[in-house]
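Colleague: Can you walk me through this one? I would like to go through the salt bridges, then the strands and a helix.

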Amino acid sequence: MMHSRRQILVKSTEFNRTIALQLDPAQSVLTLSGITSLLESSSSSHRYLLSDFSVALDGKLLNVSTRIQVSKLPSFSMLTLYPRLRGGGGDGGATGAESRDCYLNMYAEKKPDKVDPNEQRLSKWLNCALSNEPLAEPCVIDLLGNLFNKEALVHAMLSKRLPKQFSHIEGLKDMVNIKLTHVAGSDGSSQDTTSAQFQCPVSGLEFNGKYKFFALRGCGHVMSSKALKEVKSSSCLVCHVDVKECDKIVINGTEEEVSTLREKMEEEKAKLREKKARLREEKAKLREMKGVSNKSENGTAVVAGTGAKVAKMADTGAKVAKMADIGAKVAKRQMEDGNVNGNGITVKKFKAADKVPVNATKEVYASLFTSSKKKSDFRETYSCRSLPLGRN
């Protein structure tokens with residue numbers, strides 16, 4: 001059986017000529033690897049890697065797994081090689097490196113905008129540390145020197161929305177009311193957040209973070225460190241209240257100064273806890289002593305009550321004995337009167353009125369046997385008889 005020879009014409013933009021590939025008549029199946037071998041054998045000066053091209057045979061794209069039946073090919077076929085574009089050009093040449101993570105990482109590595117240190121310093125000294133609103137009276141500081149608007153701080157405490165960095169503020173006892181002095185010519189109503197609104201009442205230095213300021217814990221006045229150094233005094237330079245060195249709280253201090261204030265605050269809280277513990281122990285001892293006293297009083301009352309009961313029982317026994325004595329006397333009298341015999345049995349006494357003769361009056365018949373007389377209004381003696389009025 002005769003096999004007709006078939007040719008495949010290879011065309012590409014990479015080279016200016018067309019290459020003709022002669023297919024083996026005995027070959028039945030053709031693959032991309034086979035086409036690569038034919039290209040290498042036909043051109044010894046060029047080495048072709050089909051992985052660098054998109055291959056189309058007679059207008060149909062081929063891939064690595066494509067198997068071509070040689071018997072079904074026409075005598076002349078056109079094989080076109082299209083170069084792949086690196087970096088992804090919509091031609092299927094993307095390698096997969098350009099994923100979504102690349103873009104996310106690119107934006108994540110973007111450096112944040114630099115913050116103006118002057119604005120940061122002014123914000124710390126002119127605004128509330130909690131609400132970031134401009135300072136407005138009444139103002140307070142905590143024991144670490146942070147500035148607050150009192151209304152904002154109390155509201156956050158009541159609603160339990162106080163940030164963790166301010167968790168050391170547990171109540172009003174952890175706040176110090178401060179008295180800020182307005183800059184000369186300012187009434188405090190200005191909304192300018194770029195310039196200082198307060199100053200030192202002694203030296204006139206602006207309250208803007210360029211100078212160190214202290215708050216006096218006793219009276220609350222705020223003044224610069226320069227004024228306290230130049231005017232040596234053991235009292236406030238404004239209100240003349242006695243001030244101790246431990247009563248000075250540095251405002252917005254450095255990390256070392258804040259660390260010192262924190263240690264001092266912890267010591268004060270520890271002493272307060274010990275004091276409360278001692279008071280509780282003393283109250284417990286007083287309650288125990290009071291309880292023992294109440295028990296002794298209760299014991300005395302019980303003894304007294306028992307004695308009263310015994311006396312009452314003795315009184316009752318005396319009354320019973322008295323009643324028994326009276327009963328004995330009554331029984332003796334009844335025996336003497338004949339109402340009771342010697343065995344204690346009651347005997348019915350003879351009465352003349354019980355046996356009245358026929359046609360006799362009961363009272364008259366009974367008078368024959370007794371000396372009792374019917375009560376009447378008549379009065380008589382051994383010598384005369386009185387008669388009722390109207391009858392004499």
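**Salt bridges and packing**

Modeller: Glu245 and Lys248 join through their side chains in a salt bridge, with N to O at 3.3 Å. Bear in mind that this is a predicted model.

Colleague: How many salt bridges does the count come to?

Modeller: The count is 3 salt bridges. One of them is between Lys212 and Glu257, where the closest N and O atoms are 2.7 Å apart. Lys212 sits in the loop between β12 (198-199) and β13, and Glu257 sits in helix α6 (residues 255-337), so the pair ties together parts that are 45 residues apart in sequence.

Colleague: And how exposed is Lys212?

Modeller: Lys212 is partly exposed, with 39% relative accessibility. Glu257 is partly exposed too, with a relative accessible area of 21%.

Colleague: What does Arg217 form a salt bridge with?

Modeller: Its partner is Glu268, and the closest N and O atoms are 3.1 Å apart. This pair links distant parts of the chain: Arg217 is in the loop between β13 and β14 (222-224), while Glu268 is in helix α6, 51 residues apart. Arg217 counts as partly exposed at 29% relative accessibility, and Glu268 is partly exposed with a relative accessible area of 31%.

Colleague: Change of topic. Which residues of helix α3 are buried?

Modeller: In α3, residues 117-126, the buried ones are Leu122, Trp125 and Leu126. They are on the same side of α3, because they cover an arc of only 85° around the axis. Pro117 and Gln120 are exposed on the other side of α3.

Colleague: Why would residues three or four places apart point the same way in an α-helix?

Modeller: An α-helix has 3.6 residues a turn, so residues at that spacing point the same way.

Colleague: What covers the buried residues of α3?

Modeller: The cover includes β9 (147-149) and β13 (213-216). Asn208 is in the loop between β12 and β13, and is buried, with a relative accessible area of 6%.

Colleague: What is Asn208 in contact with, leaving aside its neighbours within four places in sequence?

Modeller: With those neighbours set aside, Asn208 contacts Arg121, Leu122, Trp125 and Ala196. The side chain of Asn208 also reaches the backbone nitrogen of Lys210, at 3.1 Å.

Colleague: Back to β9. Which strand forms a hairpin with β9?

Modeller: β8 does, with 4 residues between the two strands. Gly145 lies in the turn and has a positive phi of about 90°. The pairing of β8 with β9 is antiparallel over 3 bridges, and Cys139 stands opposite Asn149 in β9.

Colleague: Where do the side chains of β8 point?

Modeller: In β8 (residues 139-142), Cys139 and Ile141 point one way, and Val140 and Asp142 point the other way. All are buried. In a regular strand the side chains alternate between the two faces of the sheet.

Colleague: Which other strand pairs with β8 over 4 bridges?

Modeller: That is β10 (residues 175-178), again in the antiparallel sense. The bridge partner of Val140 in β10 is Asn177.

Colleague: Now the open sheet of 5 strands. What is the order?

Modeller: The order is β2-β1-β7-β4-β5, with mixed pairing. β2 (19-22) and β5 (60-62) are the edge strands, each pairing on one side only. From one strand to the next, the twist averages 30°.

Colleague: How many bridges join β4 to β5?

Modeller: There are 3 bridges between β4 (residues 53-57) and β5, and the two strands run antiparallel. Leu57 stands opposite Lys60 in β5.

Colleague: Last one. Where is Leu73?

Modeller: Leu73 is in the loop between β6 (68-69) and β7 (76-83). At 11% relative accessibility, Leu73 counts as buried. Setting aside neighbours within four places in sequence, Leu73 is in contact with Arg6, Ile8, Leu23, Leu57 and Ile68.

Colleague: How far apart are the C-alpha atoms of Leu73 and Ile8?

Modeller: They are separated by 9.3 Å, with the two residues 65 residues apart along the chain.

Note on methods. Residues are numbered from 1 along each chain as its sequence is written. This is a predicted model: local features need pLDDT of at least 70, side-chain atom pairs count only at pLDDT 80 or more; totals for chains, interfaces and linings use all residues. Side-chain values use heavy atoms; hydrogens and water are left out. Buried means under 20% relative accessible area, exposed over 50%, partly exposed in between (1.4 Å probe, protein chains only). The arc is that of the directions from the helix axis to the C-beta atoms. Contact means heavy atoms within 4.5 Å. Two strands pair if DSSP finds at least two bridges between them. Axes are lines fitted to C-alpha atoms, for helices over the stretch in contact, and angles run from 0 to 180 degrees between N-to-C directions. A salt bridge is a side-chain nitrogen of Lys or Arg within 4 Å of a carboxyl oxygen of Asp or Glu. A polar contact is a pair of N or O atoms within 3.5 Å; within protein, one must be able to donate a hydrogen and the other to accept it, and residues adjacent in sequence count only if both atoms are side-chain atoms.
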